[in-house]
Amino acid sequence: MLVVFGIILVALVLFALEPVPIDITAIGIMVALMILGSSGPVNFTGISAAEGTSGFASSATLTVLAMFVLSAGVQRTGIIQILGRRIARFTRDSLSRQLGATMTLVGPISGFINNTAAVAILLPMVTDLAHEGGTSPSKLLIPLSYASMFGGMLTLIGTSTNILASDIVARPQYLGRPFSMFEFTALGLVVSVAGFVYLLTVGRWLLPERIRAQDDLTEEFGMAEYLTEVVVREDSPLVGETVQSGLEETDFDVDLVQLIRGNQVFLEPLAPKVIQAGDVFAVRTDRDTLVELLDVEGLDLLPDVTVDEDELEQAEEQENLVEVVIAPGSFLAGETLASTNFRQRYDATVLALRRGGDVIRQRMDNLRLRVGDTLLVQATGDSVDRLNTNRNFIVAQEVERPDFRRSKVPLAVGIVAGVVGVAALNVLPIVVSALAGAVLMVVTGCLKPAEVYDAVQWDIIFLLAGVIPLGIALERTGGADFVAELIVGTSGSLPLLGVLGLMYLVTALLTNVISNNASVVLMIPVAFETARQVGGDPFAFVLAVTFAASTAFMTPVGYQTNLFVYGPGGYRFTDYVKVGTPLQLLFAVVTTLGIAFIYGV
């Protein structure tokens with residue numbers, strides 16, 4: 001038991017600090033359990049190789065994998081974007097209508113496709129909605145994330161946490177059966193209504209206005225002092241050199257945004273262009289660097305020369321400024337713009353980087369990127385399209401995609417409805433119906449075969465596979481019994497309802513620091529044992545843990561959707577604490593009372 005607690009302690013620290021991605025931490029947990037278990041030279045954890053790797057064959061892991069494919073199939077039809085645009089017509093510049101529309105749209109959708117996918121799809125629409133209505137995106141994006149969590153609790157398939165919890169409680173030592181498709185929908189509706197009312201009243205007042213809506217992204221990122229245009233003089237030492245050797249590989253902190261030469265405007269790739277006298281470069285740099293650059297490289301500021309207005313208009317027409325968010329699971333997390341050759345790889349120039357409430361406009365090349373960082377990018381239309389279809393990024397403005405398969409809308413919606421219906425009627429287990437639905441998405445042309453693998457968030461799959469054995473070890477070594485005794489002991493003379501509420505709060509605090517999936521794996525054995533010791537209904541205690549693990553409102557790291565909106569909303573860590581803490585306490589009360597009223601304790 002002590003060995004397992006030691007592994008859990010190390011895992012909690014690694015999950016919270018993320019020196020390595022959480023999926024790598026999860027695989028490390030799995031390996032440690034096997035090495036220190038019955039498959040290794042010593043037996044401290046009781047975990048064999050078969051049990052250690054059982055997460056990869058778990059029905060929960062396979063169901064989540066299939067749900068990613070189903071979500072991608074729906075996404076490729078463009079139906080969610082169509083719904084979003086229709087709803088946006090009625091919101092105009094009213095914050096109340098914008099909030100209501102955002103939550104009403106994402107909530108139900110999150111019940112039937114993965115809620116992280118729902119936020120990724122709707123983020124561009126909500127950002128555009130804010131800009132068009134003159135509303136700060138900060139007023140809408142936290143509600144988008146929170147409402148997706150509410151919606152995820154409406155059905156079994158709304159979140160990976162629900163699916164994992166269902167798989168765990170189906171074991172003989174627990175409930176001996178999985179959750180049904182709509183088993184906790186009534187409770188999900190109750191907490192959703194409570195959450196909607198909170199965000200439309202108290203939450204609306206607490207939500208910050210970190211970003212002021214601007215028509216121009218350069219104004220929004222405060223780029224006025226960092227963007228300027230220079231012209232190459234006849235006597236410049238740069239004449240005859242390539243852009244790469246003359247300007248990009250210097251020690252100056254400068255980025256070239258575009259080149260105007262005669263009647264032509266060039267965006268990326270600029271590196272191979274040979275510099276000529278009279279070339280006009282738009283550059284990103286600070287004032288001190290600009291002065292030095294003008295002196296050393298033989299350049300003049302644009303006001304000292306004449307440039308045809310038509311050329312400048314043409315340059316502006318070719319500009320594509322977009323916000324690009326580093327998505328969870330992106331290979332760029334932990335890397336730098338320099339190490340990934342971002343400019344060359346994507347033919348795009350990063351003008352600024354927003355990390356929470358901070359905007360960084362200087363010396364970005366060697367800054368390590370994090371999930372949720374928002375890059376202000378200028379690129380050609382083709383490059384923006386490529387970024388938009390790349391799963392490493394979320395483009396935070398709507399980009400018209402000509403490849404939406406709108407003719408497949410009825411098929412994709414029908415397949416998801418079929419998966420839900422077959423599982424709800426117990427015709428087939430959810431893992432079978434979900435995998436069958438994933439196959440049908442390909443067979444019917446809603447998804448191309450090559451798109452299936454890109455649709456899956458493999459970091460989540462490896463996270464699930466890695467943490468599942470941890471729950472087995474906790475239960476087998478008596479760790480769950482020990483923690484349950486601590487909870488029962490500290491609850492003192494609390495009534496049964498109070499112990500249930502305490503279980504919710506413990507899980508909620510845990511899930512705000514570490515992964516929601518890791519929280520549910522650790523706490524379900526504890527919940528079951530606590531219910532046994534206090535004479536409560538195990539189903540009620542397991543349900544409290546499941547809901548608490550899926551509603552992490554207090555930190556940006558507690559849930560993936562919170563990280564999605566962290567950069568685009570310009571939020572600070574404290575914003576989640578301020579808005580999320582009252583909501584977390586409200587949910588503790590509403591969920592506990594809802595369970596008692598609907599299911600009994």
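This is a predicted model: local features need pLDDT of at least 70, side-chain atom pairs count only at pLDDT 80 or more; totals for chains, interfaces and linings use all residues.

Trainee: What does an angle of about 150° make H8 in relation to H9, roughly parallel or roughly antiparallel?

Mentor: Angles over 145 degrees count as roughly antiparallel. H8 is therefore roughly antiparallel to H9. As for the handedness, H8 passes H9 in a right-handed crossing.

Trainee: At what angle does helix H9 pack against helix H11?

Mentor: Helix H9 (residues 138-152) and helix H11 (residues 185-200) meet at an angle of about 165°, and their axes lie 9 Å apart. This pair too is over the cut-off of 145 degrees, so H9 and H11 are roughly antiparallel to each other. The crossing in which H9 passes H11 is left-handed.

Trainee: Let us turn to the strands. In what order do the five strands of the open sheet stand?

Mentor: The order is S8-S7-S9-S6-S10, and the pairing is antiparallel. Strand S8 (358-360) and strand S10 (393-395) each have a single partner strand, so they stand at the edges, and one side of each is left without a neighbour in the sheet. From one strand to the next, the twist averages 30°.

Trainee: How many bridges pair strand S6 with strand S9?

Mentor: Strand S6 (residues 321-326) and strand S9 (residues 374-379) are joined in the antiparallel sense over five bridges.

Trainee: How does one find empty space in a model?

Mentor: A probe the size of a water molecule is rolled over the atoms, and this shows where empty space is left. Here, the largest pocket holds about 1,100 Å³ of space. Its lining consists of 44 residues, of which Glu18, Ile22, Val371, Val557 and Leu563 are the closest to the centre.

Trainee: Which elements give two or more residues to the lining of the largest pocket?

Mentor: They are helix H1 (2-17), helix H2 (22-35), helix H8 (115-133), helix H22 (458-476), helix H25 (516-534) and helix H27 (560-566). H22 gives the most, with four residues.

Trainee: How many residues of the lining are nonpolar, polar and charged?

Mentor: The lining of the largest pocket has 24 nonpolar residues, 12 polar ones and eight charged ones.

Conventions: Residues are numbered from 1 along each chain as its sequence is written. Side-chain values use heavy atoms; hydrogens and water are left out. Two strands pair if DSSP finds at least two bridges between them. Axes are lines fitted to C-alpha atoms, for helices over the stretch in contact, and angles run from 0 to 180 degrees between N-to-C directions. On a 1 Å grid over the protein atoms alone, a cavity is a set of points where a 1.4 Å probe fits but cannot get out, and a pocket is an open set with protein on both sides within 12 Å along at least five of seven lines; lining residues have an atom within 4 Å of a point. Grid points are joined across faces, edges and corners, and a volume is the space filled by probe spheres set on the points. Ala, Val, Leu, Ile, Met, Phe, Trp, Tyr, Cys and Pro count as nonpolar, Asp, Glu, Lys and Arg as charged, and the others, Gly among them, as polar. Angles under 35 degrees count as roughly parallel, over 145 as roughly antiparallel, 65 to 115 as roughly perpendicular and the rest as oblique. A crossing is left-handed if the near helix is turned anticlockwise from the far one by less than a right angle, and right-handed if clockwise.
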